[in-house]
Amino acid sequence: MSTISVVIPCLDDADYLAACLEALAKQHRRADEVIVVDNGSTDASVEVALAAGAHVVHQPVRGIWPATAAGFDAASGDVLARLDADSVPAPDWLERIEHRMSRRDKPTVVTGTGVFYGQTAPRRWIARHLYLGGYFTVIGALLGHPPIYGSNYAIRADAWLVLRDIVHRDRSDLHDDLDLAWWLRPGMSVAYDRRLVVGVSARPFDSLAELRRRVRMAFHTLGVEWRAWPPLERRAERRVEVDLVSPALLAEAADPDGEGDEPLPA
């Protein structure tokens with residue numbers, strides 16, 4: 001069995017973090033290590049993390065990408081599972097990650113979806129179907145494989161060792177999940193499991209201003225990635241690796257067993 005480290009970036013989110021850590025404590029398959037990356041909190045986030053038995057890493061450079069990267073660097077697990085402080089994983093979250101990572105196609109990344117809580121029902125609908133649904137549809141089409149959802153994914157530690165000096169880990173102005181997905185090397189794959197679910201706060205939809213900020217950041221991230229590695233060029237380079245794999249091996253990797261996931265992408 002692989003060891004799993006859970007990494008949670010946190011900035012002044014003590015109450016949300018407490019709920020997240022409580023959900024992790026109720027996992028059917030317990031984490032081998034929980035790392036909370038304090039990004040300069042002034043509330044009780046560090047105390048909450050320590051009380052729950054988490055290892056706290058301090059990252060003074062503000063931003064979700066610097067904090068996530070610091071947590072991945074500090075982790076000792078074979079698999080690095082990622083949550084936000086306001087994520088509430090289902091009890092089978094780690095069990096499902098471990099199961100999916102052990103399948104014969106051995107994906108580099110496993111990602112799932114989110115069910116939003118809080119706010120009003122219309123805002124939750126917008127968050128789930130327009131914001132998150134649009135992300136999977138539009139970005140998935142650009143990438144040629146499922147994108148990574150930052151509040152709910154796991155990556156192999158050996159893949160992170162390859163990617164850590166390639167991604168824009170020091171930039172706080174980019175969406176970390178999109179940046180990570182964009183720079184996956186040829187031969188690296190993403191598997192989407194629709195049953196890998198976490199609860200996610202709908203607080204980004206508190207105001208139109210916050211929603212606009214996130215959308216602007218998404219377009220800014222796309223611009224950075226597009227200029228550095230254009231989508232058509234990226235897909236062509238990644239396609240070379242898939243073309244080298246025999247049809248029989250691809251069929252075996254697909255292994256359609258109704259698990260609710262998507263196998264090795266073309």
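By the pairing rule applied here, the count comes to 9 aromatic pairs; rings of Phe, Tyr and Trp (its six-membered ring) pair if their centres lie within 6.5 Å, and planes under 30 degrees apart count as stacked, over 60 as edge-to-face and the rest as tilted. Two of the pairs are set out below.

| Pair | Centre distance | Plane angle | Class |
|---|---|---|---|
| Tyr131 and Phe205 | 5.2 Å | 80 degrees | edge-to-face |
| Tyr135 and Phe136 | 5.7 Å | 70 degrees | edge-to-face |

The model is predicted: local features need pLDDT of at least 70 and side-chain atom pairs count only at pLDDT 80 or more, while totals for chains, interfaces and linings use all residues. Residues are numbered from 1 along each chain as its sequence is written, and side-chain values use heavy atoms, with hydrogens and water left out.

Tyr131 lies in helix H5 and Phe205 in the loop between strand E8 (190-201) and helix H8 (208-228), so that this pair links parts of the chain 74 residues apart. Helices (H or I, at least four residues) and strands (E, at least two) are DSSP runs, numbered from the N terminus. Tyr131 is partly exposed at 28% relative accessibility, whereas Phe205, at 6%, is buried. Buried means under 20% relative accessible area, exposed over 50%, and partly exposed in between (1.4 Å probe, protein chains only). In the second pair, both Tyr135 and Phe136 are buried.

The protein as a whole has 10 helices and 8 strands, and 52% of its 266 residues are buried. Of the contacts with a separation of 6 or more, 79% are between residues 24 or more positions apart, contact meaning heavy atoms within 4.5 Å.

The largest nonpolar core has 69 residues, of which Val6, Ile8, Leu24, Trp93, Ile97, Ile155 and Leu180 touch the most other members. Helix H5 (residues 121-143) supplies the largest share of this core, 7 residues. A nonpolar core is a set of buried Ala, Val, Leu, Ile, Met, Phe, Trp, Tyr and Cys residues joined through side-chain atoms within 4.5 Å. Beyond its neighbours within four places in sequence, Ile97 contacts Val79, Ala81, Ala154 and Leu196.

Helix H3 (residues 64-74) is largely enclosed by the rest of the structure, because 8 of its 11 residues are buried.

Arg169 occupies the loop between helix H6 (157-163) and helix H7 (176-182). With 15% relative accessibility, Arg169 counts as buried. Its side chain makes a polar contact of 2.5 Å with that of Asp73. A polar contact is a pair of N or O atoms within 3.5 Å; within protein, one must be able to donate a hydrogen and the other to accept it, and residues adjacent in sequence count only if both atoms are side-chain atoms.

Thr42, in the loop between strand E2 (33-38) and helix H2 (45-51), is exposed, with a relative accessible area of 73%.
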